[in-house]
Every structure is written in structure tokens, then in C-alpha cells.
Amino acid sequence: MQRERLDVEFTSHGATLRGWLYPATGDAPRPGIVMAHGLTAVREMFLDRYAEAFATAGFTTLAYDHFGFGASDGEPRQWPSPSVQLEGYRDAIRWLGSQPSVDADRIGIWGSSFSGGEVIILAAEDLPIACAVAQVPGFAEGGPGLPTGALTAITEAFEQGRDDLVLPATTPTPDGDGIMFADDAHYWFTRVAAERAPAWRNEVRFSGLLEPFRPIDHLTGTKVPLLLVVAPDDALTPPGPAIALAASTPLVEVVEIPGGHFAAYESAFTASSEAAVTFFLRHLGDR
């Protein structure tokens, strides 16, 4: 049975960001969870399934689209600026904590892929959060190189002094001009967009990826309990270096799920969602 969800909005970086709020049942105020998606992805790409699972477990959950993506406003479109997306998370945390039905002292954050890397960074900041979950996160360490066509297009843009380069987000071939190829990214994005996410666009403004962004450098500085949900067969955001680092970081836990990067959302959904629910119950549950 589909849970109740409300269309909500809040302001970040001068734009209106839009999302879904899934109220939890039970005596208010309830603990809350803020969640957003990965590189170019939109909330229809299975965030609803995770949000329903979290709300069923007792957490009022906000799932929203990043600045410039999906239903959210923001110009330029398709601009994955990490600093702007981190600002969006901070504003979402504040917004959720201001809701009368939410206990502002019991808020967790969740992110996947590119946003999983952002969650790692946020977990090392002084924020009003109690814990964080980073699913198949982008660590910016040990990942695949860009497809050769994309490298050529980027090189030409630099030589021409252009900062307005827009590339496909995904490509079906290793010599294509899209950003993501590994783990059959093109097939997953285009199939899921056709099935459930018509708002997704196979475009990315490359200038947003030029900002410094190395989540692995923040891993040992986490200030709240942090769960890494990783897939050892993940070729898009390989977790090996981070798993080794997490072993000596007391506040970081690692759960492994089967499959590659995109299995987390479908074939390994039960494993990935139950790991997060168990972790959130431990750190946000009734006290």
C-alpha cells in the first residue's frame, strides 16, 4: 500500500526546491530523514521506495530534487555544483527540523552515489543531524576515467575558453561523449527514465564538476555515526579505498550489498533499505 506523501517546497540558493514529504505515523514529534539523489538523477528514480520504507519505520522523510534538476527551480539547469547541492541539504535539514511534527534533535541524512559523497562531507560538519547514511557513495578516489569522447569535448571547450559545455550524462559506449559509462549506467538511466522518471534529462553542465570534491578526504573527520552501504562489485564508484579507511574510523560502519552500483535501487533494494532502516532505528529511534 502506498503511503501518504505531500508535495512540499523550500528555498535554497535563491531558488525553490521541491520534494515529497512522507509523514510517519505515531506520536509526534517524530524523527526525520532528509534525502536527495545522485548525479543528474531525480526523485522518481526510486527515492519514493526508500522514503516509503523509512516512513513505515517511523521516520518523517523529505525526498527532494537538487537545485536545477527535476521539479526544483534553479538556473543554470543540469548544473551539479557540489557546493550548491550541499547548501540544499543544509537548507533541507533546517526546513525539516522546523516542522512541528518532526523532532529537530533526531534528524538523519541519506544520499546515494554523488549525493552519498555529499553526505560524507556533511557528516563532518557541525550540523543539527544525529547520523548519516551514504549509499554506493562517490568517493572521488579510484573511479573510472571519463569516456574518450567526453575527454575530447572537454579539452576542446577548455582550449576555446568556454565554461558552458553541456554533455550527455550517460553514454552507451566507452568512446562516447557522456560522463558515465561504467556499470551500464546508460542502460539503467534511460530504462528507469522511460519507466518511471520522465523528468530526467540526459544532460550535465560540466562546469559543475570542476569544483573541488573529494568526499574520501572527509571520511575520517565524521562527527556523527556514518553508515556506508557499498557494493564491492561497483565499478562506477568503487568502494575499496574507503572500506580500508573506514576500518580505522570508529564512527564509520560499512555494510556490503550484492551487485554493482545500480543494483542498490532494484535487485538489492531490500538489502540496501533494510541496512539503512536498522541504522536509523539505532541512532534516531525512540529514546
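User: What should I know about the model before I look?
Analyst: It is predicted: local features need pLDDT of at least 70, side-chain atom pairs count only at pLDDT 80 or more, and totals for chains, interfaces and linings use all residues. Residues are numbered from 1 along each chain as its sequence is written, and side-chain values use heavy atoms, with hydrogens and water left out.

User: What order do the strands of the sheet come in?
Analyst: The open sheet has 8 strands, ordered β1-β2-β4-β3-β5-β6-β9-β10, with mixed pairing. Strands (E, at least two residues) and helices (H or I, at least four) are DSSP runs numbered from the N terminus, and two strands pair if DSSP finds at least two bridges between them.

User: Which are the edge strands?
Analyst: β1 (6-12) and β10 (252-256), each of which pairs on one side only. From one strand to the next the twist averages 25°.

User: In what sense do β3 and β5 pair?
Analyst: Parallel, over 6 bridges, between residues 30-36 of β3 and 102-112 of β5. I33 stands opposite G108 in β5.

User: Which strands does helix α3 lie across?
Analyst: Helix α3 (residues 114-123) lies across β3, β5, β6 (131-135) and β9 (226-230), at about 135° to β5. Axes are lines fitted to C-alpha atoms, for helices over the stretch in contact, and angles run from 0 to 180 degrees between N-to-C directions.

User: New topic. How do α1 and α7 pack?
Analyst: At an angle of about 40°, with their axes 10 Å apart. α1 and α7 are therefore oblique to each other; angles under 35 degrees count as roughly parallel, over 145 as roughly antiparallel, 65 to 115 as roughly perpendicular and the rest as oblique.

User: Which residues make that contact?
Analyst: R49, Y50, A53 and F54 of α1, with F269, S272, S273, A276, V277 and F280 of α7. Contact means heavy atoms within 4.5 Å.

User: What does D48 touch?
Analyst: Not counting residues up to four places away in sequence, D48 touches R5, W20, Y22, R43 and R196.
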